[in-house]
Amino acid sequence: MNSSSNAGERPLSPAAVRALEEADARRAQYRAREASRPKELGGRHGLEPGRYGDWEVKGLASDF
């Protein structure tokens, strides 16, 4: 990860760079888990709807 992506911005602290790298690693692990799951036939399309603890249908979210 590049610590200074745009010219003129303050450089990120080492802790911030580390946090961004850890977040990227967590996203990669999540995507790998999603890809390893079997495909659902006739189900909803897209990402796992329970990934944030709620369901979303036509822009409306409901907790379960």
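Trainee: Which side chain does glutamate 34 meet in a salt bridge?

Mentor: Glutamate 34 pairs with arginine 37, at 2.8 Å from N to O. A salt bridge here is a side-chain nitrogen of Lys or Arg within 4 Å of a carboxyl oxygen of Asp or Glu. The pair is also joined by a polar contact of 2.8 Å, meaning N or O atoms within 3.5 Å, where within protein one must be able to donate a hydrogen and the other to accept it, and residues adjacent in sequence count only if both atoms are side-chain atoms.

Trainee: And what kind of model are we reading this from?

Mentor: It's a predicted model, where local features need pLDDT of at least 70, side-chain atom pairs count only at pLDDT 80 or more, and totals for chains, interfaces and linings use all residues. Residues are numbered from 1 along each chain as its sequence is written, and side-chain values use heavy atoms, with hydrogens and water left out.

Trainee: Is glutamate 34 buried or exposed?

Mentor: Glutamate 34 is buried, with a relative accessible area of 19%. The cut-offs are under 20% for buried, over 50% for exposed and partly exposed in between, using a 1.4 Å probe and protein chains only.

Trainee: How many salt bridges does the count come to?

Mentor: Two. Aspartate 24 forms one with arginine 27, where the closest N and O atoms are 2.8 Å apart. Both residues sit in helix H1 (residues 14-36), three residues apart, or about one turn of the helix.

Trainee: What about the exposure of aspartate 24?

Mentor: Aspartate 24 is partly exposed, at 34% relative accessible area, and arginine 27 is partly exposed too, at 41%.

Trainee: Switching topic: which residues of H1 are buried?

Mentor: Val17, Ala23 and Glu34. Across the chain, buried residues make up 8% of the 64 residues.

Trainee: What pattern does the chain follow?

Mentor: Along the sequence, α-β-β, with one helix and two strands. Those are DSSP runs numbered from the N terminus: H or I of at least four residues for helices, E of at least two for strands.

Trainee: Which element has the lowest mean pLDDT?

Mentor: Strand S1 (residues 54-57), at 64, while H1 has the highest, at 92. pLDDT is the predictor's confidence in each residue, from 0 to 100. The chain averages 76, and 55% of the residues score at least 70.

Trainee: So what should I do where the score is low?

Mentor: Where pLDDT is low, the predicted coordinates should not be read in detail.
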